[in-house]
Amino acid sequence: MASRLTTTALSFLTYLLILSSSSSTTILPSNSDKVSLELYYESLCPYSANFIVNYLDKLVEDDDLLSIVDLYLSPWGNAKIRGNDTFVCQHGPYECLLNTVEACAIHAWPKLEDHFPFVYCVEKLVYERKYPEWESCFEELGLDPKPVSECYTGGYGNELELEYAAETNALQPPHKYVPWVVVDGQPLYEDYEDFITYICKAYKGTATPKACSKQSRHSIPRAKAKSISPVCYRDTIVSTLLESIRSATSLWMQ
């Protein structure tokens, strides 16, 4: 009799444990359900910095929304390859340096939660016109600078940049400017600031984030750009327009 009671009690406890476990389980989206989000950018384009600091960061801070997204960063932008695997950048040598530094950070810390805070920190300094202080991000985030510094001073950073160059130049349709935002293979063109709406439309899974509800989809405030244009064009644009954009960028960077 005691044995039967013990068996019954154990069975009941097992049932409670199973019930409790199943009721508290959160259904997460599988990798196949995730929406790909690609950002092709260059470090000193003020509009790239604005997008990363004031828009993309809101996605990364929202764990619920981020769970349905596969975010990929490509720090090359409008740079051009010259002879002997060298390259020049639209905003000068310092942009080449920071592009390479960010490429090295992504390589050194492959997980998004590890490399994005560093990229955000550097781009926030760009946004605040304090980018020469970029090395302070290591101390601010408690990161060891060695893997990044060895990467960009030892030449491997250049190899990474050439890989980013190859994939950027292979984009179809070709990118026209930066930031160039792509959701599930489709570029958003000038509507890139509304990227969350496109993510929500592209998502086919069942674990729908709150940010994708009609009530909250447009809840992320839009920050105003600091100059006359929301993008940095490639140098194939009409010369008069290019000069106006360069002038605006020059004023912004002073």
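## Before you start

The model is predicted: local features need pLDDT of at least 70, side-chain atom pairs count only at pLDDT 80 or more, and totals for chains, interfaces and linings use all residues. Residues are numbered from 1 along each chain as its sequence is written, and side-chain values use heavy atoms, leaving out hydrogens and water.

Helices (H or I, at least four residues) and strands (E, at least two) are DSSP runs, numbered from the N terminus.

## The sheet

Let's begin with the strands. Four of them form an open sheet with mixed pairing, in the order S2-S1-S6-S7; two strands pair if DSSP finds at least two bridges between them. Strand S2 (69-75) and strand S7 (186-187) are the edge strands, each pairing on one side only.

Strand S1 (residues 35-41) and S2 run parallel, joined by 7 bridges. Ser 36 has Asp 70 in S2 as its bridge partner, and Tyr 40 stands opposite Ser 74 in S2. S2 is mostly covered, with 5 of its 7 residues buried (under 20% relative accessible area; exposed is over 50%, partly exposed in between, with a 1.4 Å probe and protein chains only).

## Helices on the sheet

Helix H4 (residues 93-108) lies across S1 and S2, and runs at about 145 degrees to S2. Angles run from 0 to 180 degrees between N-to-C directions, and axes are lines fitted to C-alpha atoms, for helices over the stretch in contact. Contact means heavy atoms within 4.5 Å.

Helix H8 (residues 156-169) also packs on the sheet, touching S1 and S2, and its direction makes about 110 degrees with that of S2.

## A covered helix

Helix H9 (residues 195-202) is mostly covered, as 6 of its 8 residues are buried. These are Phe 195, Ile 196, Thr 197, Ile 199, Cys 200 and Ala 202. The cover over the buried residues of H9 includes S1, H2, helix H3 (63-66), S2 and strand S6 (180-183).

## Helices H2 and H5

Helix H2 (residues 46-61) packs against helix H5 (residues 112-127) at an angle of about 145 degrees, their axes 8 Å apart. Contributors to the contact include Ile 52, Val 53 and Leu 56 of H2, and Phe 116, Val 119 and Tyr 120 of H5.
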